[in-house]
Amino acid sequence: MKQPWTRDFHYAASYTILLTTVPLLLLLAVIFREILLLGLALFFTLFVYANKWYINYAAAHLFIPHEANAVRLFPEDEGVLHVPFENRGKIPIFNGKWGFHLFDHEEAVSVLDDQQPSSYKRAFNVPSQTKREYKTHVKGVKRGTSQVRSIEVVLYDVFKLSSVRMVYQGTYRGEVIVYPKPAPVENLDTHLQQSRGSHTKPHSLYEEMTMTRGSREYRTGDPFNRINWKTTARSGELQTNIYEKVTLSKWTLVLNLRAENPLIPTLQNLEDVLSQVACALQYATKQGITYEMFINVKIPGSSTGLHVEADEGKKHLMTCLEVLARLRHGQITINEQLMMKKIFEHNGTCAVFHFGTYGKTEEDYYSHASQKGTSISIITPPGLKRGRQKHEEVAT
């Protein structure tokens, strides 16, 4: 099995001294015919090689079994980051220390433990043929991600005379993901798209003719094809079918990160915008709405930006929030026209929510789409000047 560690052994100088005395002790034992000197020579030899063997054995049988471990938090939430170890040998590892470096460029996470993870002074021991998880308590500070890097373990022999320093080079990936803190979006519930579809809705302009809910007495003006003849025959009075009210709830969330100032790569108020997107995602998930997300950031293999396919549910929410958590200030963006073209090439785009920069390109596409019945909502970040109001009115 491939060893996932780089190992650096440090043997005590006393080992060399002990081994150099062994020939002398053997010679004296022969000359003086003293069995005690022979036993002492054998003891020194066994002592040195047993300790060396133990360090090599322990180092060869230490593994990190899991390949991924992600802790997902909102700001101010607390969680536990687990770093697992497995001793696959038949001898326990009882004398060592360990630590790791938490790469947190944006300072999105704070470590709550008294001892910092990068101190490499944490006690380390793992029983034989056992998996053990070491925990680090963390707290989300702000949106961003932090990765576990440079896991290091130092193992000692029984008497702490020699050691081996091991640096992990395997595939394990530990990470703390801090989602954006949701910020309220005004009148979000009024943006629900009311289009004919297949989702049952208590209040809707449309009904599904194949989903009969019951019947009621006939009223003047009821369509002839809605009369329930079987119920009418039983009751002796005209009865009209009542159908389930339905709506097609599908949202397209569009996020333009490009700043209006060409000298600045991304929005200066990026955090405010992402917080509003997070709120919209949570609301859509709670309402059972299917949604997709477009972001005009450059990604390998795509000229139209990042697209999260339409879906619904909590798993989809976590995927979208994780995408938002990984966005960075100064990230390279693409021309929004390429993204807008792709959006309206999709069938079934019935409600669009636009976040971030809004300009002439968006205005042209949205004006054309609104004429075809698409609902367009431009979400204005807090504190943004009202100078865009005329553009929003044109788009909607």
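Colleague: How many helices and strands does the secondary structure of the protein chain come to?
Modeller: The model is predicted, and local features in it need pLDDT of at least 70. Within the protein chain, the secondary structure comes to eight helices and 19 strands.

Colleague: What share of the 396 residues is buried?
Modeller: Buried here means under 20% relative accessible area. In this chain of 396 residues, the buried share is 45%.

Colleague: Among contacts between residues at least 6 apart in sequence, what percentage joins residues at least 24 apart?
Modeller: Contact means heavy atoms within 4.5 Å. Of the contacts between residues at least 6 apart, the part joining residues at least 24 apart is 75%.

Colleague: Which residue of E10 is the bridge partner of Arg-7?
Modeller: Strand E1, residues 5–10, pairs with E10 over six bridges. The sense is antiparallel. In E10, the partner of Arg-7 is Met-166.

Colleague: Which residue takes a positive phi in the hairpin of E9 and E10?
Modeller: Strand E9, residues 144–156, pairs with E10 in the antiparallel sense over five bridges. Leu-155 stands opposite Val-164 of E10. Six residues lie between the two strands of the hairpin. The one with a positive phi near 60° is Lys-160.

Colleague: Which strands stand at the edges of the five-strand open sheet?
Modeller: The sheet runs in the order E17-E16-E15-E18-E19, with mixed pairing. An edge strand has a single partner strand, so one of its sides is left without a neighbour in the sheet. The edge strands are E17 (306–311) and E19 (375–378).

Colleague: Which residue in E19 is the bridge partner of Phe-353?
Modeller: Strand E18, residues 351–356, pairs with E19 over four bridges. The sense is parallel. The partner of Phe-353 in E19 is Ser-377.

Colleague: What angle does the direction of H6 make with that of E15?
Modeller: Helix H4, residues 270–286, packs on the sheet and touches E15, E16 and E18; its direction makes about 170° with that of E15. H6 packs on the sheet as well, touching E15, E16 and E17. For H6 the angle with E15 is about 175°.

Colleague: Is H6 roughly parallel or roughly antiparallel to H7?
Modeller: The axes of H6 (residues 336–343) and H7 (residues 360–371) come within 10 Å and cross at roughly 15°. Angles under 35 degrees count as roughly parallel. So H6 and H7 are roughly parallel.

Colleague: How do the residues of the contact of H6 with H7 divide?
Modeller: The crossing is right-handed. Glu-336, Gln-337, Met-340 and Lys-341 in H6 meet Thr-361, Glu-362, Tyr-365 and Tyr-366 in H7. The contact residues divide into three nonpolar, two polar and three charged.

Conventions:
Residues numbered from 1 in each chain as written. Predicted model: local features only at pLDDT ≥ 70, side-chain atom pairs only at ≥ 80, totals over all residues. Heavy atoms only, no water. Axes fitted to C-alpha atoms, helices over the stretch in contact; angles between N-to-C directions. Parallel < 35°, antiparallel > 145°, perpendicular 65-115°, else oblique. Left-handed = near helix turned anticlockwise from the far one by under 90°. Nonpolar A, V, L, I, M, F, W, Y, C, P; charged D, E, K, R; others polar. Pairing = 2+ DSSP bridges. Buried < 20%, exposed > 50% of the residue type's maximum accessible area, 1.4 Å probe, protein only.
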